[in-house]
Amino acid sequence: MNERERALKDIKKLEDAIKEFEKSGLAKKYPEPYNWAKNYLHDAEYYFEKGNYFTSFGCANYAYGIIDGIIIHEGKKKEECR
């Protein structure tokens, strides 16, 4: 997988996590991290459009960690061990 494909995959993963966050009601409970994640999603999309796939990937990955951590903490998803 090249950098472009990886960045695109992680942007999609973040979009899905944000949707899950909204659907579960956690966006209302945690508005500040929710807004951070949405801002990082916009950053990831911006850098992707500019061809800076490394930074795009970093933005998406960081925001995903914030959202996923809260989802796991709230018991809405099992922690995945790697």
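The model is predicted, so local features need pLDDT of at least 70 and side-chain atom pairs count only at pLDDT 80 or more, while totals for chains, interfaces and linings use all residues. Residues are numbered from 1 along each chain as its sequence is written, and side-chain values use heavy atoms, with hydrogens and water left out.

Now look at the partner of Lys 12. Its side chain meets that of Asp 16 in a salt bridge, 2.9 Å from N to O. A salt bridge here is a side-chain nitrogen of Lys or Arg within 4 Å of a carboxyl oxygen of Asp or Glu. Both Lys 12 and Asp 16 lie in helix H1, four residues apart, about one turn of the helix. Helices are DSSP runs (H or I, at least four residues), numbered from the N terminus. Asp 16 is partly exposed, because its relative accessible area is 36%.

How many salt bridges does the structure hold? There are three. Another one joins the side chains of Arg 6 and Asp 10, at 3.2 Å from N to O. Arg 6 and Asp 10 also lie in helix H1, four residues apart, about one turn of the helix. Is Asp 10 buried or exposed? Asp 10 counts as buried, because its relative accessibility is 2%. Arg 6 counts as partly exposed, at 36%.

One more salt bridge links Glu 74 with Lys 29, the closest N and O atoms being 3.1 Å apart. Glu 74 lies in the segment after H4 and Lys 29 in helix H2, so this pair ties together parts that are 45 residues apart in sequence. Lys 29 counts as exposed, because its relative accessibility is 51%. Glu 74 is partly exposed, with a relative accessible area of 24%.

Go back to Asp 10. Leaving out residues up to four places away in sequence, Asp 10 touches Phe 57, Ala 60 and Asn 61. Contact means heavy atoms within 4.5 Å. Gly 58 lies in helix H4, which spans residues 53-73. Gly 58 and Arg 6 are 52 residues apart in sequence, yet their C-alpha atoms are 10 Å apart in space. Gly 58 counts as partly exposed, because its relative accessibility is 32%.

Next comes the interior. A nonpolar core is a set of buried Ala, Val, Leu, Ile, Met, Phe, Trp, Tyr and Cys residues joined through side-chain atoms within 4.5 Å. The largest such core has 21 residues, and Ile 11, Leu 14, Ile 18, Phe 21 and Ile 67 touch the most other members. H1, H2 (26-29), H3 and H4 each supply at least two residues of this core. The largest share, eight residues, comes from H4. Take Leu 14: not counting residues up to four places away in sequence, Leu 14 touches Ala 37, Leu 41, Ala 60, Ala 63 and Tyr 64.

Tyr 40 is found in helix H3, residues 31-49. Tyr 40 counts as partly exposed, because its relative accessibility is 30%.

Definitions and conventions
Buried means under 20% relative accessible area, exposed over 50%, partly exposed in between (1.4 Å probe, protein chains only).
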